[in-house]
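User: I'm new to this one. Can you walk me through what sits around the ligand?
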Amino acid sequence: MFSRALKPVGTLAVQNGAKSFSTSPQRNFKVVVAGAAGGIGQPLALLIKQNPLVTQLALYDLAPVTPGVAVDLSHMNTVAKVTGHKGPEELPAAIKGADLVVIPAGVPRKPGMTRDDLFNTNASIVRDLAQVVAEQSPKAIMAIITNPVNSMVPIASEVLKKAGCYDPNRVLGVTTLDVVRAAAFIGEINGVDPQSVQIPVIGGHSGVTIIPVLSQSKPAVKLTDQGKIEALTKRIQEAGTEVVKAKAGGGSATLSMAYAGARLANAVLRGLNGESNVVECAYIKSDLTEASYFANPLVFGKGGVAKNLGYGALNAYEQQLLKEAIPELKKNIVTGEKFVNK
Ligand code: NAD
């Protein structure tokens with residue numbers, strides 16, 4: 001999956017009959033997946049194990065199966081060395097030396113639940129993980145998948161602030177699945193390869209806060225009827241619920257989320273590795289709107305987010321969507337901040 005985006009990063013050299021992998025001049029990165037035994041965590045780890053920029057992959061979870069998942073993945077003949085870490089006492093070793101910590105730890109939705117219903121359980125999980133990141137790898141980039149993303153990013157940020165190591169360019173909420181879904185649906189409507197579709201999705205990651213900017217789609221969406229544009233917008237906003245309903249109590253999106261998470265991780269690593277034109281949407285600290293965190297296209301670089309590209313021109317319908325999203329986002333952000341500062 002990375003072949004289009006990445007140049008080969010190393011060559012296999014045979015020395016005294018033994019193969020050693022030379023990765024210079026590229027950097028070698030350590031990635032941690034926290035929540036690695038879960039529905040998202042396992043396929044996400046599988047995909048990250050295939051990324052040639054990763055030389056260390058640490059899997060952390062509470063579940064007893066975690067070391068076994070690591071052994072299983074370690075038999076893949078890709079360069080990343082895999083370690084398994086189970087339970088809080090093994091967390092510091094997992095996090096130490098990390099460049100990127102991807103977090104899908106926490107409970108998912110069941111039918112009838114909103115993402116906000118997960119707050120009480122997931123808030124303390126993300127808070128505690130952020131605390132260990134602050135202690136062990138304060139410069140690591142955190143990519144938070146755990147819902148509700150709109151509140152979890154403020155939680156992690158407040159923890160890092162208290163620890164004196166907060167860098168807003170290094171704390172991301174993963175909204176890539178919204179972009180992936182929008183591109184999949186537009187590809188279907190237009191009858192083109194969905195990989196060729198570029199579509200920004202801005203705002204946040206729940207219900208009305210998900211704003212696909214269909215007017216900026218490349219290629220243009222082949223829909224002229226405003227009713228159909230609005231139906232597509234709703235479908236993208238509610239696509240997570242579509243999966244939750246279809247899984248009928250078996251959880252929420254896992255495989256498509258793992259794909260999206262691996263795509264975001266790859267963008268972050270390419271940026272860290274010195275590429276200068278890597279663009280993805282993510283939810284970060286922001287002063288673009290009245291909401292103090294906001295998702296939109298970003299350029300990734302050596303320090304995480306290198307440049308905020310803003311969200312460009314919105315048509316009247318999209319401006320209305322933005323107006324509806326802001327109060328909800330502000331509420332979600334305050335909930336997260338209050339949780340840490342109570
Ligand atoms: P899951 O229940 O299958 O897996 C979660 C894993 O987290 C489990 O293995 C569990 O043991 C682990 N875990 C729980 N507490 C932990 C802790 N304190 N430390 C480490 N690991 C811990 O759930 P899932 O389907 O993988 O979903 C995970 C999260 O991702 C949910 O909150 C879900 O809502 C969210 N999600 C986000 C998006 C997105 O677009 N950002 C999409 C889908 C799901």
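Predicted model: local features only at pLDDT ≥ 70, side-chain atom pairs only at ≥ 80, totals over all residues.

User: OK, how many residues surround the ligand?
Analyst: There are 27, and the closest are Gly 39, Ile 40, Asp 61, Val 107 and Ile 145.

User: How do the residues of that shell divide into nonpolar, polar and charged?
Analyst: The shell has 16 nonpolar, 10 polar and 1 charged. Here Ala, Val, Leu, Ile, Met, Phe, Trp, Tyr, Cys and Pro are nonpolar, Asp, Glu, Lys and Arg are charged, and the others, Gly among them, are polar.

User: Which side chain has an N or O atom 2.6 Å from a ligand oxygen?
Analyst: That of Asp 61. The side chain of His 205 also has an N or O atom 3.0 Å from an oxygen of the ligand. For Val 174 a backbone N or O atom is involved, 3.2 Å from a ligand nitrogen. A polar contact here is a pair of N or O atoms within 3.5 Å.

User: How much of the ligand does the protein bury?
Analyst: The protein buries 85% of the 870 Å² that the ligand exposes when taken alone. Areas come from the Shrake-Rupley method with a 1.4 Å probe.

User: Why does the ligand lie between the two domains?
Analyst: Domain 1 (19–173) and domain 2 (176–337) both give residues to its shell, so the ligand lies between them. The bounds come from an automatic or database domain assignment.

User: Switching topic, which peptide bonds are cis?
Analyst: The bond from Asn 147 to Pro 148 is cis, with omega near -5°. Another cis bond runs from Lys 218 to Pro 219, with omega near 0°.

User: And what is phi of Ala 248?
Analyst: Phi of Ala 248 is near 45°, a positive value in a residue other than glycine.

Definitions and conventions:
Residues numbered from 1 in each chain as written. Heavy atoms only, no water. Near = heavy atom within 4 Å. Polar contact = N/O pair within 3.5 Å; in protein donor to acceptor, adjacent residues only side chain to side chain.
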